Amino acid sequence: MAPQLQPILTDLQEYWPSISCPSNSGESDWESTWNDNGICTGFTQVQYFTKALALRSSADLLNLLADKGIAPSSSRSYNRTDVVNAINDGLGGTQTAVLHCGSNSSSIIRNVRLCTDSTASTFISCSDPTPSTCAEMVTLLPLASTTVEDVSLEDASEFINPIKMVVS
């Protein structure tokens, strides 16, 4: 881990973990994200990841989805367009959220791509939206420390909500 990330390490571990099996610290994901997207932003590593964590918090994707009746579940599927519209509506309607699903399953949401302005302070429509890799019906699995099970909308905020920051 880069020593400069030490001040935000706890937040990175909580909100930007690696959920690969077997689990790891997430450091390789952070390094990859920095190398692929962060270097060209003009931010330092700490600025980049601090802004990403702040954007994750301000987007509050799980609550945006819950407001539209979409909650993490291991057994319920949702229309991909409904998920995207719930996110876009919650962020002001002009953003273009893009869902990416796992390589082993095109129905399980792996991450959500959102774009920001060059200062990483405002969500904007992506200038080069990559196509979704998801099927028409998608599942938003709960990410709990011990089990994968259905959760109520009231409990949805207790689950991990990582966000990767890419500046357009």
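## Aromatic pairs, disulfides and confidence

Author: In this predicted model, W34 and Y48 are both buried.

Reader: What does the word "buried" require of a residue such as W34 or Y48?

Author: The relative accessible area must be under 20%. W34 and Y48 both fall in this class.

Reader: Why is the pair of W34 and Y48 called edge-to-face?

Author: Ring centres must lie within 6.5 Å, and planes over 60 degrees apart count as edge-to-face. Y48 and F49 form another edge-to-face pair, at 5.1 Å centre to centre and 90 degrees between the planes. Both Y48 and F49 are buried.

Reader: What makes W34, Y48 and F49 a cluster?

Author: The ring pairs link W34, Y48 and F49.

Reader: How do you know that C101 and C134 form a disulfide?

Author: Their sulfur atoms are 2.0 Å apart. The criterion is a separation within 2.5 Å, so the pair qualifies. The torsion about the S-S bond is about 105 degrees, so this disulfide is right-handed. C101 is in strand β2 and C134 in the loop between β5 and β6, so the bond ties together parts 33 residues apart in sequence.

Reader: What else joins cysteines, and how are the bonded cysteines paired?

Author: A disulfide also joins C115 to C126, with 2.1 Å from S to S. C115 is in strand β4 (residues 115-116) and C126 in the loop between β5 and β6, 11 residues apart. In sequence order, the bonded cysteines of the protein chain pair as 1-4, 2-3.

Reader: Are C115, C126 and C40 buried or exposed, and why?

Author: C115 has a relative accessible area of 2% and is therefore buried. C126, at 7%, is also buried, because the limit is under 20%. C40 reaches 67%, which is over 50%, so C40 is exposed.

Reader: Why is E136 called exposed?

Author: Its relative accessible area is 55%, and exposed means over 50%, so E136 is exposed. E136 lies in the loop between β5 (123-124) and β6 (137-138). Not counting residues up to four places away in sequence, E136 touches Y78, N79 and R80.

Reader: How do you know that strand β2 pairs with strand β3?

Author: Four bridges join β2 to β3 (residues 109-113), and the two run antiparallel. At least two bridges are needed, so the strands pair. V98 stands opposite R113 in β3.

Reader: Where is the confidence lowest, and where highest?

Author: Confidence is lowest in strand β7 (residues 166-167), at a mean of 46, and highest in strand β1 (residues 78-79), at 96. Over residues 145-168 the pLDDT is below 50, and this stretch has 72 contacts in the model beyond near neighbours in sequence. The mean pLDDT of the protein chain is 79, with 77% of residues at 70 or more.

Methods:
Residues numbered from 1 in each chain as written. Predicted model: local features only at pLDDT ≥ 70, side-chain atom pairs only at ≥ 80, totals over all residues. Heavy atoms only, no water. Buried < 20%, exposed > 50% of the residue type's maximum accessible area, 1.4 Å probe, protein only. Phe/Tyr/Trp six-rings, centres within 6.5 Å; stacked < 30°, edge-to-face > 60°. Contact = heavy atoms within 4.5 Å. pLDDT = per-residue confidence, 0-100.
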